[in-house]
Amino acid sequence: MENVAAQKELAGGYCNHLNQYSRFLTREVSIGDIPMGGLNPIRIQSMTTTDTMDTLGTVEQTIRMVESGCEYVRITAPSMKEAENLANIKKELRFRGYNVPLVADIHFTPNAAEAAARIVEKVRVNPGNYADKKRFENIEYTQLAYQAELERIYKKFSPLVKICKEYGTAMRIGTNHGSLSDRIMSQYGDTPRGMVESAMEFMRICEDLNYYNLVISMKASNTQVMVQAYRLLVETMVKEGMNYPLHLGVTEAGDGEDGRIKSAVGIGTLLEDGLGDTIRVSLTEDPEFEAPVAKALADRYVNRALNVVEKEKIEIRNLPYNPYEYNRRVTLPVQHIGGHHHPVVMLDVSSKNLKDPYFLTEVGYKYSAGLDKYNMADQACDLVYLGDELPSFSFPGNLRQIYNYKTWLTLKDKSNCHPLIKLEDYASAVQKDPILNLVSVNAKSYSKVLLSMLDETAVLVLETSSEEGTIEQRAFFIELLKSGNQIPVIVKRSYAAISADDLQLYAATDLGALFTDGLGDGVWIDAPETVGLPVMNSTSFGILQATRTRISKTEYISCPSCGRTLFDLQETTQLIRSRTDHLKGIKIGIMGCIVNGPGEMADADYGYVGTGPGKITLYRGKEVVKKNVSSAKALDDLIDLIREDGNWTEVK
């Protein structure tokens, strides 16, 4: 099998390099006229939201998607009639001069998949649904029963494979965290390993039938689960002599800033690992808005490989942390930083008008002049850097102020004020704060001896502005772990000449990749004033929320809409947000149809799922609580359910 020899060094690992960018070389797969994998660029794709039976509507939306940068377009085909109508859609697109490869999205219906495979360039099947059993029952499988199920699946799945071989159709085997079959659940549970084994069973069937035109995905709405599953998949594939291209995506990422940050955390972490051959960013927005976001993520890696200088490799097999399981690095707490405290958020306010307390509203502290007090928002930052600037008003009592060391020395009142000192100056500092000292260190150039001399009041500020800053900072953490150093670390990333949109994506990638692996006790994003403090603050909290390391707001697990959706997903999501976004730490799944119901929102505390025209089913976790509720009263019933569980709080 081509390309596998190049991956032999990966046995026991999941990427080529941890200390420099190196893309995992995969098999090239033909999808129409646009090949994927191998040495091809990272491809961009999205999915239509129109009714598949609306031929012209689907064609026109597809054209808008292609114009926005989409290279593959996925269309739902839940039954035979939609699968057969793909021929009309394809014909009209070709007539209009658009040769974009089409992908049929299949969930439960083998005959629809077999029909679609004769028409479009690629079909997507979910192993947990396709020819498999998923009833969310706790069934104990004997080895004999398990094997009998595999043989049954082989017979049901083989016809589709043979049609794909005959017609030159590619296939994506797309596992989703929330839709694993009962058989897989009984053996592996709702885990990344279960996701991998679900896909591997189908991949082995394909190889047994000499069919190799495969693309694989491991999607989840939980970014930690998603990243772990893809890494385990690569490790498992390589051990079995496989190197199929990877489709990356975070399911139900949501909309707006939240959707972009969450997608960038999951997808970006894997891109940093050198994994990924195609991207789909799932936003609860019109699909033409997805491709530009995916392209912005992929474009950062276009020239990265050209600038690589060969370095001594960090051995993945000897890593001092487990990349397949989340564990936060153990640190000794310094005040409220490190230990069991949630990661902190730090921001630079030195350029603001320090005679005006109202600017602190931008970082979560609303000043009331009449009462002379501050009201603190859920997303209120923990530390602010003032450099050499002195404010003329009193800061909130729980907001720590950080000054450059020489300026800090001059302060008459040092309460709640702490110094920032360079690592090389720390040992010789004539006076230190007895409570907290921030020590700046460059991720690429530092003294291990000086690091080992820091005392119990020190917290590191790990700085970089390098394009490969995440790799440099990860290497620094690995050194700390190997030496047993348990000092807390605030991770600082600096970006010059960047837009607010790109900052969200870049910072979510760069910082998310570290926090997903449990590396970091705080975030400090530094960017030009034009980006604005509110964006830097909300992005910082958004990254911590997306990595599940600090929950500061309600999380919405919302599907990106498709032709199966039974209500206006964007409008409904915004309506639910408007009544529930004050519920800190609650996860609400908003799913347009039963296909994306209890499965896709596996991580949610509550679910709001379309089950028919004007009908909603409400879930508590995966348990159905109310069936076929009128959409006019479904939101009120959802709120009553949250209230019944004691999770409701009134808006302040």
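Let's start at a turn. In the hairpin of S22 and S23, two residues lie between the strands, and Gly621 takes a positive phi near 60 degrees. Keep in mind that this is a predicted model.

Now the strands themselves. S22 and strand S23, residues 623-630, run antiparallel, joined by five bridges. Leu618 stands opposite Lys626 in S23.

Which strand does S21 pair with, and in what sense? Strand S21, residues 606-612, pairs with strand S22, residues 615-620, in the antiparallel sense. There are six bridges in that pairing. Here Tyr608 faces Leu618 in S22.

Next, a sheet with parallel pairing. It is open and has eight strands, in the order S6-S5-S4-S3-S2-S1-S8-S7. Its edge strands are S6, 214-219, and S7, 247-248, and each pairs on one side only. Look inside the sheet at strand S1, residues 43-47. S1 pairs with strand S8, residues 278-279, in the parallel sense over two bridges. What is the bridge partner of Ile44 in S8? Ile279. Helix H1, residues 55-67, touches S1 and strand S2, 72-76. The direction of H1 makes about 150 degrees with that of S2.

On to a helix pair. Helix H2 covers residues 80-95, and helix H3 covers residues 110-117. Their axes come within 8 Å and cross at roughly 5 degrees. Angles under 35 degrees count as roughly parallel, so H2 is roughly parallel to H3. Who meets whom? From H2, we have Met80, Ala83 and Leu86. From H3, they meet Asn111, Ala112, Ala115 and Ala116. By class, that contact has six nonpolar residues, one polar and no charged. Here is a rule to hold on to. An α-helix has 3.6 residues a turn, so residues three or four places apart point the same way.

Last stop, helix H15, residues 533-546. Does its length agree or disagree with what we expect? At 1.5 Å a residue, its 14 residues should span 20 Å. The end C-alpha atoms are 20 Å apart, which agrees. Is H15 enclosed or open? 13 of its 14 residues are buried, so H15 is largely enclosed by the rest of the structure. After H15 comes Arg548, with a positive phi near 65 degrees.

Conventions:
Residues are numbered from 1 along each chain as its sequence is written. This is a predicted model: local features need pLDDT of at least 70, side-chain atom pairs count only at pLDDT 80 or more; totals for chains, interfaces and linings use all residues. Side-chain values use heavy atoms; hydrogens and water are left out. Axes are lines fitted to C-alpha atoms, for helices over the stretch in contact, and angles run from 0 to 180 degrees between N-to-C directions. Helices (H or I, at least four residues) and strands (E, at least two) are DSSP runs, numbered from the N terminus. Angles under 35 degrees count as roughly parallel, over 145 as roughly antiparallel, 65 to 115 as roughly perpendicular and the rest as oblique. Contact means heavy atoms within 4.5 Å. Ala, Val, Leu, Ile, Met, Phe, Trp, Tyr, Cys and Pro count as nonpolar, Asp, Glu, Lys and Arg as charged, and the others, Gly among them, as polar. Two strands pair if DSSP finds at least two bridges between them. The expected span of a helix is 1.5 Å times one less than its number of residues. Buried means under 20% relative accessible area, exposed over 50%, partly exposed in between (1.4 Å probe, protein chains only).
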